[in-house]
Amino acid sequence: MPTILGQNQYGKAENRVVKITRDGDTHHIKDLNVSVALSGDLEEVHLSGSNAHCLPTDTTKNTVYAFAKEYGIESAEQFGIHLARHFVTSQEPIHRARIRIEEYAWERIETSDANSRFIGSDEVKHSFVRKGQETRLTEITYDGERWQVISGLKDLVVMNSTNSEFWGYIKDKYTTLKEAYDRILATEVSGRWRFNWTDDDQRMPNWERSYEQVKKHMLHAFAETYSLSLQQTLYQMGSRIINNRSEIDEVRFSLPNKHHFLVDLEPFGLKNDNEVYYAADRPYGLIEATVLRDGVEPAIPVDLTNL
């Protein structure tokens, strides 16, 4: 039975690169996990085993580390753009490059006052502690003409201890959930946002400031929305980003509802006045949706695991 070759790509996944920038005694860290995927005129390497059009994956790995030295790492997005442009423009068989990057943030350790420092220590500007709030993400795709940049984050756990309700829902013979007029609302945010920067003639966004501002608006919307459902909160988070960040046209969230249930303390003669909860890790409600600028077609995959 005849067969044909479908979509294909190859590259080196999860290249961990840590770049230290030394500004005198003050050091700065960029800690990335970079995955490269290349596609193009690669039919023969599959059909006949000819490697004539195949750039070794080891070379893509080496390029990541060399570019960290040659260009530095201004931002995850800018670094990915350098890599994608290089692979497509320097290798004729490669027509499309996709660079996925996870960034792990570090913050400087605040040191003690001078009187309590150990002997021989000056002001310390080279010690860091890994931030634990979230992992920053970006995916850059380039085909030689058009860019697509989708950035985001994952593992950002947030909670409102009040100002959340859930009632008025459909009830059938299997419904046991009691209506809630004051509940904990908690979720672990996985979000992606797509930039409307698509070609080199456009002004490139300030990637670092954009990320900081998107996260700020996202968290403000979560905190400031009196929530009647997690769906409502999700929409407000996406809308706040779209309305405040002109460089972004599309936002997609995947929000697991991290349920907190009141513990029955009556058997112990105690009243639980919304004070003691059991935090259940599973099963969980999973709320997902895309928020778009009016007139824009969606492009972020519905299943974020495919990003």
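1. Contact here means that heavy atoms lie within 4.5 Å of each other. The model under discussion is a predicted one.

2. Helix 2 runs over residues 57-70 and has 14 residues. From its first C-alpha to its last it reaches 20 Å, close to the 20 Å expected at 1.5 Å a residue.

3. Five names make up the buried set of helix 2: T60, T63, V64, F67 and A68. They sit on the same side of helix 2, because the arc they cover around the axis is only 135 degrees.

4. What covers these buried residues? The cover includes strand 1 (15-23) and strand 2 (26-40), along with helix 3 (76-90). On the face of helix 2 turned away from the buried side, the exposed residues K69 and E70 are found.

5. After helix 2 comes G72. The phi of G72 is positive, near 70 degrees.

6. A separate site is T233, a residue of helix 5, which spans residues 230-244. Is T233 buried or exposed? T233 counts as buried because its relative accessibility is 0%, and the cut-off for buried is under 20%.

7. Which residues does T233 touch, leaving aside its neighbours within four places in sequence? T233 is in contact with L185, F222, T225 and S227. With S227 there is also a polar contact between side chains, at 2.8 Å.

Notes: Residues are numbered from 1 along each chain as its sequence is written. This is a predicted model: local features need pLDDT of at least 70, side-chain atom pairs count only at pLDDT 80 or more; totals for chains, interfaces and linings use all residues. Side-chain values use heavy atoms; hydrogens and water are left out. Helices (H or I, at least four residues) and strands (E, at least two) are DSSP runs, numbered from the N terminus. Buried means under 20% relative accessible area, exposed over 50%, partly exposed in between (1.4 Å probe, protein chains only). A polar contact is a pair of N or O atoms within 3.5 Å; within protein, one must be able to donate a hydrogen and the other to accept it, and residues adjacent in sequence count only if both atoms are side-chain atoms. The expected span of a helix is 1.5 Å times one less than its number of residues. The arc is that of the directions from the helix axis to the C-beta atoms.
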